[in-house]
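Thanks, everyone. I'll keep this quick. Have a look at the structure first.

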Amino acid sequence: MNPQRTRRPAATLLALIVAAMAATSTQAHAPDPSLGGSLWAQNQQLTFRWRSGAEPPAAIKTAIRNAASASNATRASKAATFVYSSSGVSPIGYGTGATCGVNGIAC
């Protein structure tokens, strides 16, 4: 059997698949995720606090603060920063006192 003849149909099939993939457009969401609110401004400072009656344990508080610091340090895109403040506008709750509903332990 001629190897040239065996390769030709495979190459043709591969070319058709590549052409079909190139012709298909993919719909995707915008690069800025939003859950119904407005988008954050570049370098906007987002303050958070512990929810009264639902404060996380000390180890969880430390982990959340460390995650905020790590996010702030690696945000080359000029994204928002996260800062703890006792008067912060975004409360973080943990445990049964957190108002996340029956399926969550933190929100």
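Let me start with a definition. Rings of Phe, Tyr and Trp, with Trp represented by its six-membered ring, count as a pair if their centres lie within 6.5 Å. Planes under 30 degrees apart are called stacked, those over 60 edge-to-face, and the rest tilted. One caveat before we apply that: this is a predicted model.

So, how many aromatic pairs does the structure hold? It holds 3. Take Phe 48 and Tyr 84. Their ring centres are 5.8 Å apart, and their planes meet at 70°, so this pair is edge-to-face. Phe 48 sits in strand E1, while Tyr 84 belongs to strand E2, residues 81-84. The two parts are 36 residues apart in sequence, so the pair ties them together.

Is Phe 48 buried or exposed? Its relative accessibility is 7%, so Phe 48 counts as buried. Tyr 84 has a relative accessible area of 31%, which means partly exposed. Arg 65 lies over the face of its ring, 4.3 Å from the ring centre.

Now the sheet. There are 3 strands, in the order E2-E1-E3. The sheet is open, and the pairing is parallel. Which strands are at the edges? E2 and E3, the latter covering 90-92; each of them pairs on one side only. From one strand to the next, the twist averages 35°. Between E1 and E3, the parallel pairing runs over 3 bridges. Arg 49 stands opposite Pro 91 in E3.

Next, the loop between helix H1, residues 3-23, and strand E1, residues 45-50. Asn 43 is found there. Its phi is near 60°, a positive value in a residue other than glycine. With a relative accessible area of 40%, Asn 43 is partly exposed.

Trp 40 lies in the loop between H1 and E1 too. At 55% relative accessibility, Trp 40 counts as exposed. What does Trp 40 touch, leaving out residues up to four places away in sequence? The answer is Leu 46, Ala 80 and Phe 82. Look at Ala 80 in particular. Trp 40 and Ala 80 are 40 residues apart along the chain, with their C-alpha atoms separated by 6.7 Å.

That's my tour. Over to you.

How values were computed:
Residues numbered from 1 in each chain as written. Predicted model: local features only at pLDDT ≥ 70, side-chain atom pairs only at ≥ 80, totals over all residues. Heavy atoms only, no water. Helix = DSSP H or I, 4+ residues; strand = E, 2+ residues; numbered from the N terminus. Buried < 20%, exposed > 50% of the residue type's maximum accessible area, 1.4 Å probe, protein only. Lys NZ or Arg CZ within 6 Å of the ring centre and 35° of its normal. Pairing = 2+ DSSP bridges. Axes fitted to C-alpha atoms, helices over the stretch in contact; angles between N-to-C directions. Contact = heavy atoms within 4.5 Å.
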